[in-house]
Amino acid sequence: MADKLYLVKEGEISLKGGNRNLFEKRLRHNIKDKLRPYHSEINKQKGRLYAYIDEAAPDAMIEKALSTTSGITGFAKAHRAEKDMDAIVRCAASILPGAFSEKGSFKIAVKREDKAFPFSSRDIAVKLAEVVHGIYPELTVDLDNPGNTLTCEVRGEAYLYTSESKAIGGLPVGTAGKGMVLLSGGIDSPVAAQMMAKRGMKADAIYFHAYPYTSDEALEKVKKLASLIAPYMQGMRLFVVPFTDGQIHIRDNGYEEEATLMFRAAMMQTAERIAKEHGAIAIITGEALSQVASQTLDAMSFTDSMTDLLVLRPLVGMDKEDIIARAREIGTYETSILPYEDCCVVFSPKHPVTRPVKEVSRRHFGELGMEPFIENAVRDTVVYTFDAAGKEVIDG
């Protein structure tokens, strides 16, 4: 049995009915995948998973793995004791030195799942409080806002821990189908990707690169964003689509005020082909309603008409401050604000149309004859792969 023990709390999975075992099986698989190359065993009891992990695995690596795994609401590095009061007291006495601050307050939290255990929750709390006072005589009890907490869970065995970390909740990646994210270098699309991962969707990403109008630095920025969201996705591929010729053709042959709409339409059709080729049944974008000219209801309705795949916009009702806050939480914000513009920004018209007439815009797009440009872009797409830890996988 591996030496380290992490207690993992399920969230929404516990509400599932007959399919619960499928969700739990996927969650266990996802956790073990994140912990490679270290050996791990994951057992379950009601509402809990117990991950026994090779002692050689760094705590920081374990905690990053668990904090980016959808389906987990919280986790704690725990210590196991026999279901015996004396054993519980001894365990507490061994783990408490150095675990609490010397001054302030504390609380004992007891979860007595096994009601046959002959001591009540209060009995356990009193005994453990005595242990705390013996080691930290200056600490006072505060049940509402404690500076330190010792938790004891009595289940098949007793489990004790002194700190708990929050995780992202949701459902395990791989339980809700597969999508394709339109990943730009901005703030929004990485957040959209992570939000769909939280709902259990597995996704790869597509980036449209218009070199030399967008620089190699812009591409490296997007690759960095892909590496940051890959852990949430249990690993992902980034499809880099060369789109310079297509955008120049639209710029030179279309109506200037419709340029962004035409770019979006061509991108949607290109993304649809790549998505279908790789088994994705939905396209995910970082659009929010009325955030920019191309994100009005009329514009989004036109864009949607360019594909028969489902288009998901998880940010559609969020304002920019909400999105920025989420980007900070998932660790993509600082990379997203690096000053390298994507192809949509570079080719944007000064006065874009905001209320396109769908039938007219569809006719104008058809007149552009984009088929050969789309075919060439799909053919010349370059794929980068990132594993579940966010590390780029280099073939050979």
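Predicted model: local features only at pLDDT ≥ 70, side-chain atom pairs only at ≥ 80, totals over all residues.
Where does Pro37 lie, and which helix and strand stand on either side of that loop? Pro37 lies in the loop between helix H1 (20–35) and strand E2 (40–45), and a cis peptide bond with an omega of about 15° joins Arg36 to Pro37.

**The nonpolar cores**

- The largest nonpolar core has 39 residues, and among these Leu238 and Ile284 touch the most other members.
- At least two residues of this core come from each of helix H5 (188–198), strand E12 (202–209), helix H6 (216–229), strand E13 (236–242), strand E14 (282–284), helix H10 (320–330) and strand E16 (382–386).
- H5 provides the largest share of this core, with six residues.
- If residues up to four places away in sequence are set aside, Leu238 touches Leu183, Ala205, Tyr207, Val222, Lys223, Ala226, Val382, Val383, Tyr384 and Phe386.

**Ala193 in helix H5**

- Ala193 is found in helix H5, and this residue counts as buried because its relative accessibility is 0%, where buried means under 20%.
- When residues up to four places away in sequence are not counted, Ala193 touches Val181, Ile229 and Met233.
- Ala193 and Phe208 are separated by 15 residues in sequence, and their C-alpha atoms are 16 Å apart in space.

**The seven-stranded sheet**

- Strands of a sheet pair through backbone hydrogen bonds, and this can happen in either a parallel or an antiparallel way.
- Here, seven strands form an open sheet with mixed pairing, in the order E15-E14-E11-E12-E13-E16-E17.
- At the edges are strand E15 (310–312) and strand E17 (392–393), each of which pairs on one side only.
- Helix H8 (residues 259–277) packs on this sheet, where it touches E11, E12, E13, E14 and E15, and the direction of H8 makes about 140° with that of E12.
- Within the sheet, strand E11 (residues 178–182) pairs with E12 in the parallel sense over five bridges, and Gly179 stands opposite Ala203 in E12.

**Helices H7 and H8**

- Helix H7 (residues 244–253) packs with H8 at an angle of about 145°, and the axes of the two helices are 10 Å apart.
- The crossing in which H7 passes H8 is right-handed.
- On the H7 side, Gln247, Ile250 and Arg251 meet Ala259, Met262, Phe263, Ala266 and Met267 on the H8 side.
- Sorted by class, the residues in the contact of H7 with H8 are six nonpolar, one polar and one charged.

**Strand E8 and its partners**

- Which part of strand E8 (residues 148–154) is covered, and how many of its seven residues are buried? The strand is mostly covered, since six of its seven residues are buried.
- Strand E6 (residues 105–112) pairs with E8 in the parallel sense over seven bridges, and Phe106 has Asn148 in E8 as its bridge partner.
- Strand E9 (residues 158–161) pairs with E8 in the antiparallel sense over four bridges, with Thr151 standing opposite Tyr161 in E9.

**Backbone details in loops**

- The peptide bond from Tyr211 to Pro212 is cis, with omega near 5°, and Pro212 lies in the loop between E12 and H6.
- Gln234 is not a glycine, yet its phi is positive, at about 60°.
- Gln234 lies in the loop between H6 and E13, and this residue counts as buried because its relative accessible area is 11%, which is under the 20% limit.
- Ser290 is also not a glycine, and its phi is positive, at about 65°.
- Ser290 is placed in the loop between E14 and helix H9 (297–304), and this residue counts as exposed because its relative accessibility is 54%, where exposed means over 50%.

Technical notes:
Residues numbered from 1 in each chain as written. Heavy atoms only, no water. Core = buried A, V, L, I, M, F, W, Y, C linked by side-chain atoms within 4.5 Å. Buried < 20%, exposed > 50% of the residue type's maximum accessible area, 1.4 Å probe, protein only. Contact = heavy atoms within 4.5 Å. Pairing = 2+ DSSP bridges. Axes fitted to C-alpha atoms, helices over the stretch in contact; angles between N-to-C directions. Left-handed = near helix turned anticlockwise from the far one by under 90°. Nonpolar A, V, L, I, M, F, W, Y, C, P; charged D, E, K, R; others polar.
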